[in-house]
Amino acid sequence: MKYVSTRGSAPVLGFADVVLAGLANDGGLYVPETWPTLGTVTTGSYAELAASVFVPYVGADIDNDTMLRLCNTAYSTFRHPDVVPIVPLESGHHLMELFHGPTLAFKDVALQLLGQLFDHILTQRNEKVTIVGATSGDTGSAAIDGVKNCANINIIILYPHGRVSDVQRKQMTTVDSPNVRTVAIDGTFDDCQDLVKAMFNDAPFREKHNLSAVNSINWARVMAQVVYYFEATRKMGGPIDVTVPTGNFGNVLSGWIAKQMGAPIRRLIVASNENDILTRFFDSQSMAITGVHPTLSPSMDIQVSSNFERLLFEMNDRDGAVTAEQLTRFRDKGLSVEPDQYEQWIAPTFRASRATDHDTLATIRSVYEDFDMLIDPHTAVGVKVAREFAEEGIPMLTMATAHPAKFPDAVERATGVRPGLPEHLSNLFDLPEFTVQLPNDLATVEAFVAAQAK
Ligand SMILES: *Cc1c(COP(=O)(O)O)cnc(C)c1O
């Protein structure tokens with residue numbers, strides 16, 4: 001399998017190179033040249049299903065036995081025998097719990113695998129990389145946990161000092177591994193992101209320290225998420241509708257890919273919080289940037305859904321030049337698609353709606369009262385929107401993207417009950433923290449990264 005960039009002018013690469021590259025060098029995102037189809041996989045563990053989904057994408061770069069071993073290692077870190085169990089809500093509506101991984105959010109599904117892939121590819125090539133990333137909360141801890149035992153990887157995560165939740169910070173800073181460093185920056189999340197971008201744009205620095213990224217546009221993360229859509233349809237049958245609480249469009253794009261590969265999914269329903277750029281696009285066929293508004297579901301507080309570019313490339317009949325041109329103008333002028341593109345690609349599959357913070361709290365409360373179950377605010381956005389689109393005779397599945405204990409304040413506000421951390425994290429607040437605090441200054445942060453990358 002070869003991969004092409006959505007902006008058409010980066011080199012065509014194989015799987016292993018795409019995983020290490022992350023972003024294509026023309027600023028685009030890598031996608032496979034074709035979408036393979038998957039025959040019915042009815043038996044086997046979650047890890048076995050994962051390996052079957054990945055084989056056509058990986059091609060000759062990793063042999064099948066090795067791929068299965070990497071999947072077994074990645075998913076053995078999940079604390080539920082089903083990895084992603086399905087639980088019932090009201091009649092016709094189920095949740096898929098994607099949060100049984102080490103850091104309690106669905107990002108573990110992708111980042112546990114990505115850590116294994118990086119380690120394997122780097123060992124084969126006898127290379128080392130330094131992963132540098134900025135986080136507003138969930139991604140940092142999931143990325144750290146995915147690579148904390150990998151000898152070929154140093155990871156340095158910047159987070160805004162005093163602006164991540166206690167659970168999120170502790171999950172990052174209590175990891176005691178020689179290859180892990182966390183840095184509290186005196187600034188905002190945007191400042192952290194700007195520092196990371198500046199380090200990547202400093203070509204001599206980037207090359208000297210072999211910098212790498214694991215952000216949500218990495219192809220392997222999208223690929224890893226395809227698996228649980230197949231898991232859903234092999235357990236529930238089909239066709240089903242799936243509602244996905246959405247920020248960067250990564251998770252729901254994986255659902256779209258599963259459908260291309262033959263999973264019996266009828267509709268994909270995009271659930272946004274008040275940062276509803278996608279919902280506005282689905283309503284109006286045009287997309288315009290507005291400011292970010294903080295909500296109770298912070299992992300969906302985004303301005304631009306970066307993975308949407310992969311769907312846009314399909315809508316443009318895989319014309320990279322057209323896609324590049326649209327995205328260059330996007331920040332200033334917004335983006336719109338033709339009615340026939342909308343009819344072909346969006347209308348048959350996608351639906352979208354939003355939930356306010358008020359809806360989110362009301363939904364957490366109603367699920368608690370009716371089912372004695374605590375759900376996190378991101379999942380609540382999904383449940384609220386799923387209920388709007390529920391249809392007699394078509395099973396509805398909502399993706400539960402975080403454990404309630406990851407966002408205890410919102411859950412407590414809605415229900416009066418403060419969710420406790422699961423057993424494996426119950427001593428989180430007793431562990432010592434390893435972190436340094438640095439000013440929002442590129443030279444200082446580069447010097448820190450250089451010292452760690454040695
Ligand atoms: C990242 C995240 C999301 C959004 O996922 P996307 O792939 O960016 O759409 C939703 N919920 C939680 C808990 C997350 O951490």
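**Two residues and their chain**

Modeller: Let me begin with Asp241, which is found in strand β9, residues 240-245; strands (E, at least two residues) and helices (H or I, at least four) are DSSP runs, numbered from the N terminus. This is a predicted model, in which local features need pLDDT of at least 70 and side-chain atom pairs count only at pLDDT 80 or more, while totals for chains, interfaces and linings use all residues. Residues are numbered from 1 along each chain as its sequence is written, and side-chain values use heavy atoms, with hydrogens and water left out.

Colleague: Why does Asp241 count as buried?

Modeller: Buried means under 20% relative accessible area, whereas exposed means over 50% and partly exposed lies in between, with a 1.4 Å probe and protein chains only. Asp241 has 1% relative accessibility, and therefore it counts as buried.

Colleague: What makes the link between the side chains of Asp241 and Arg266 a polar contact?

Modeller: The term asks for a pair of N or O atoms within 3.5 Å; within protein, one must be able to donate a hydrogen and the other to accept it, and residues adjacent in sequence count only if both atoms are side-chain atoms. The side chains of Asp241 and Arg266 are joined at 2.7 Å. Contact in general means heavy atoms within 4.5 Å, and, not counting residues up to four places away in sequence, Asp241 touches Arg266, Arg267, Ile269, Ile394, Pro395, Met396 and Leu397.

Colleague: Why is Thr173 called buried?

Modeller: Thr173, which is found in helix α6, residues 166-173, has a relative accessible area of 0%, so it is buried.

Colleague: How do you know that the radius of gyration of the protein chain agrees with that of a compact globule?

Modeller: The radius of gyration is taken over C-alpha atoms, and the globule rule is 2.2 Å times the number of residues to the power 0.38. With 454 residues, a compact globule would come near 22 Å, and the protein chain has 21 Å, so the two agree. The C-alpha atoms of the protein chain fill a box of roughly 60 × 50 × 50 Å along the principal axes, and 58% of the 454 residues count as buried.
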